[in-house]
Amino acid sequence: MENKQSPLGYISFSIFAWIVGLLIFFPIFWMVLTSFKTELEAVSIPPSFISFDWTLENYAEVQERSNYFKFAMNSIILAVGSTLVGLVFAVTCAWAMAFNPTKRTKDALLWMLSTKMMPPVGVLVPIYLVFRDWGLLDTRFGLIMVLFLINLPIMVWMLYTYFKEIPTDILEAARMDGATLPKEIIFVLLPMAVPGIASTMLLNVILAWNEAFWTLNLTTSDAAPLTAFIASYSSPEGLFWAKLSAASTLAVAPILVIGWFSQKQLVRGLTFGAVK
Amino acid sequence: MGAIRLEKVKKSFGTLDVIPGVDLDINDGEFVVFVGPSGCGKSTLLRLIAGLEDVTDGKILIDGTDVANEAPAKRGLSMVFQSYALYPHMTVYNNIAFGLKMAGESKDVIDQKVQSAAKILNLTDYLERRPGALSGGQRQRVAIGRAIVRNPAAFLFDEPLSNLDAALRVNMRLEITGLHQELKTTMIYVTHDQVEAMTMADKIVVLQAGRVEQVGKPMDLYNNPANKFVAGFIGSPKMNFLGGELAAKHNCHEIGIRPEHLTVSTESGVIAATVKIAEHLGAETYLHVEADGLGPMTVRATGEMPLGEHDKIFLTPEQDRIHRFDAHGLALGPS
Ligand SMILES: Nc1ncnc2c1ncn2[C@@H]1O[C@H](COP(=O)(O)OP(=O)(O)OP(=O)(O)O)[C@@H](O)[C@H]1O
Ligand SMILES: [Mg+2]
């Protein structure tokens with residue numbers, strides 16, 4: 001096929017895309033840069049770009065003052081745990097919706113998604129009270145449940161669009177071959193949906209990792225993940241930009257690395273149903 | 001052991017009655033073909049027998065046992081889908097072996113059965129390939145292989161050859177017929193294709209709007225259609241239906257004459273007509289003509305015919321090949 005676009009249009013689109021990309025990237029870049037400055041240089045005006053004394057003291061101090069690995073471990077457990085629990089429910093739910101739809105399936109899907117439009121603070125008080133009364137405050141189990149539930153609609157929606165693309169015939173063939181429902185799902189449906197499941201899991205890990213509202217409100221120390229780790233640098237000790245930046249860099253680094261390496265997979269998953 | 005009997009089988013999707021009530025007897029070892037226009041419920045009926053759809057009402061008896069509420073696997077039937085429906089992530093070997101694995105067969109038994117099926121179907125060289133790396137005909141063979149290893153009471157085919165090109169279709173048709181002669185297992189076969197229906201079937205079931213119009217041997221349906229619908233549906237090109245004086249002469253509402261039962265003459269005959277289009281196929285010639293006072297007709301003449309547009313011809317029906325119908329479209333006996 002021939003590319004009909006004029007070179008001028010192509011160039012201006014490229015420039016525009018680069019500007020948007022840089023705008024999005026700049027805060028992260030600035031954060032990383034700041035984390036290597038001294039507190040004094042971090043707030044100096046005009047800000048210095050490269051020509052400052054590069055230092056690692058912020059990282060050393062952050063690690064000394066609070067246990068990064070404990071927070072990181074909590075982040076991993078919450079993100080992976082909520083994703084795995086979510087997957088069990090989302091796969092079964094999406095299977096039912098994709099392969100045994102009723103007249104109301106579309107409505108149910110929209111309704112599930114609409115719960116994501118409600119501000120979470122609207123249910124903070126009831127959930128907080130439930131957590132307090134059931135002794136779930138500051139427990140990993142409680143947080144896994146909350147994270148799994150808030151992300152479930154997105155998981156179901158993504159898997160549903162994926163499953164829709166799988167020909168029903170193949171599942172019926174498995175049924176004729178004597179596969180029970182669990183076997184049909186495990187041996188036939190899931191292997192065919194691996195790319196979709198992988199991108200759903202990835203997105204969910206990222207969402208759970210970055211989730212800051214519930215993780216901050218329902219934890220104090222034992223179950224606190226990296227979001228709490230960052231937050232602990234912003235308020236109580238005044239604003240220490242350099243240390244805050246170091247803490248933030250440490251917190252987002254793992255997920256940035258995962259995201260970078262899996263971006264192909266992720267884009268493919270998110271745009272699936274749309275292309276084809 | 002594969003006698004299937006349907007008793008007052010009904011199927012509705014919501015308020016839509018797709019199958020209003022079907023009774024049908026299929027004997028053990030029979031090759032039965034379901035034909036009918038698109039959307040008449042052929043696939044639905046097959047899927048009801050397979051257990052992929054639940055009956056709304058009625059009984060499905062396999063060897064005397066009502067299986068209407070049994071899971072598909074419990075019915076002991078195998079199905080070959082139009083789309084092949086192979087498991088894309090498994091090798092050919094595992095595709096064929098899947099049903100046996102689900103049945104909990106031992107590795108040795110599985111291997112022996114898969115190898116022997118592969119041999120029958122010429123798939124031995126492809127066992128380690130994925131379906132994606134096979135041609136359409138090979139995929140179809142894998143689908144059949146998957147069906148035969150389970151040693152079913154009956155095979156169900158839903159338009160299995162319609163995705164293949166014409167030459168391959170003829171080959172596979174012969175292969176399936178050969179398979180039936182070898183296995184002697186009941187087969188139910190859905191198709192659109194006249195030739196498949198006429199050549200493969202022991203018994204043809206003609207369906208229309210979820211109703212059985214007629215059941216019979218291919219040549220019975222051809223020679224003695226029960227009504228106008230079957231008469232028009234079986235045979236290609238379609239039967240000509242003529243009303244008016246000609247029908248009155250035969251004491252009926254309408255008469256039907258197949259295109260191949262008309263003799264063509266340039267000098268004299270019963271019906272005068274003008275050629276509109278002549279299709280020369282070599283071995284035969286199809287003439288689409290406008291009969292004077294009777295409307296369009298089709299004639300099928302053997303051999304080459306030096307005729308073209310605007311030529312005047314005369315047609316004479318073979319007297320004992322005329323079908324007579326009453327006002328309701330039901331066939332009347334010979335006059
Ligand atoms: N799941 C369903 N829900 C609602 N209606 C259905 C469903 N499946 C089939 N139908 C309807 O039932 C009728 C019969 O369908 P079926 O697929 O059995 O036809 P068919 O004879 O196999 O046609 P074709 O020759 O085109 O394959 C059609 O009108 C179809 O729209
Ligand atoms: Mg069909």
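This is a predicted model: local features need pLDDT of at least 70, side-chain atom pairs count only at pLDDT 80 or more; totals for chains, interfaces and linings use all residues.
Biologist: OK. And what are the spans of chain A along its principal axes?

Modeller: About 70 × 65 × 30 Å, going by the C-alpha trace of chain A.

Biologist: What share of chain A is buried?

Modeller: Of the 276 residues in chain A, 40% are buried. On the contact side, take pairs in chain A that sit at least 6 apart in sequence: 76% of those contacts join residues at least 24 apart.

Biologist: Let's zoom in on one helix. Which residues of α3 in chain A are buried?

Modeller: Helix α3 of chain A covers residues 57-65, and its buried residues are Asn58(A), Tyr59(A) and Val62(A). Looking down the axis of α3(A), the buried residues fall within an arc of 100°, so they line one face of the helix.

Biologist: Switching to chain B. What does its secondary structure come to?

Modeller: Chain B has 9 helices and 19 strands. Its C-alpha trace spans about 75 × 45 × 35 Å along the principal axes, and 50% of its 335 residues are buried. For contacts in chain B between residues at least 6 apart in sequence, 63% join residues at least 24 apart.

Biologist: There's a sheet with β13 in it. What's the strand order?

Modeller: It's an open sheet of 5 strands in chain B, ordered β13-β17-β14-β15-β16, with antiparallel pairing. The edges are β13 (262-265) and β16 (295-302) of chain B, each with a single partner strand, so one side of each has no neighbour in the sheet. From one strand to the next, the twist averages 45°.

Biologist: How many bridges join β14 to β15 in chain B?

Modeller: 7 bridges join β14 (residues 271-280) to β15 (residues 284-291) in chain B, and the two run antiparallel. To pick out one pair, Val275(B) has Val289(B) in β15(B) as its bridge partner.

Biologist: Now the interface. How much area do chain B and chain A bury between them?

Modeller: About 1,600 Å², with 66% of it on carbon and sulfur atoms. Tyr87(B), His89(B) and Met102(B) supply 31% of what chain B buries against chain A, more than any other three residues. In residue terms, the contact takes 21 from chain B and 15 from chain A.

Biologist: How many salt bridges between chain B and chain A?

Modeller: The count is 1 salt bridge between those chains. Glu172(A) and Arg47(B) meet through their side chains in a salt bridge, at 2.7 Å from N to O.

Biologist: What about Arg150(B), is it buried or exposed?

Modeller: Arg150(B) is buried, with a relative accessible area of 19%, and the cut-off for buried is under 20%. Arg150(B) lies in the loop between α4 (136-148) and β7 (154-158) of chain B.

Biologist: Which residues does Arg150(B) touch?

Modeller: Leaving out residues up to four places away in sequence, Arg150(B) touches Met176(A) and Asp177(A), along with Ala73(B), Leu77(B), Ser78(B) and Gly99(B). Also, Arg150(B) and Phe98(B) are 52 residues apart in sequence but 9.7 Å apart in space, C-alpha to C-alpha.

Biologist: Backbone check. Which residues does the cis peptide bond join?

Modeller: Ser236(B) and Pro237(B), with omega at about -5°. Pro237(B) is in the loop between α8 (228-233) and β11 (240-242) of chain B.

Biologist: And phi of Asn151(B), positive or negative?

Modeller: Positive: phi of Asn151(B) is near 50°. Glu159(B) also has a positive phi, near 40°. As background, most residues other than glycine have a negative phi, and most peptide bonds are trans.

Biologist: Where do Asn151(B) and Glu159(B) lie?

Modeller: Asn151(B) lies in the loop between α4 and β7 of chain B, while Glu159(B) is in the loop between β7 and α5 (166-183) of chain B. Asn151(B) is exposed, with 65% relative accessible area, whereas Glu159(B) counts as buried at 11% relative accessibility.

How values were computed
Residues are numbered from 1 along each chain as its sequence is written. Chains are lettered from A and ligands numbered from 1 in the order in which they are written. Side-chain values use heavy atoms; hydrogens and water are left out. Two strands pair if DSSP finds at least two bridges between them. Helices (H or I, at least four residues) and strands (E, at least two) are DSSP runs, numbered from the N terminus. Axes are lines fitted to C-alpha atoms, for helices over the stretch in contact, and angles run from 0 to 180 degrees between N-to-C directions. Buried means under 20% relative accessible area, exposed over 50%, partly exposed in between (1.4 Å probe, protein chains only). The arc is that of the directions from the helix axis to the C-beta atoms. Contact means heavy atoms within 4.5 Å. Buried area is the accessible area (1.4 Å probe) that two parts lose on being put together, summed over both. A salt bridge is a side-chain nitrogen of Lys or Arg within 4 Å of a carboxyl oxygen of Asp or Glu.
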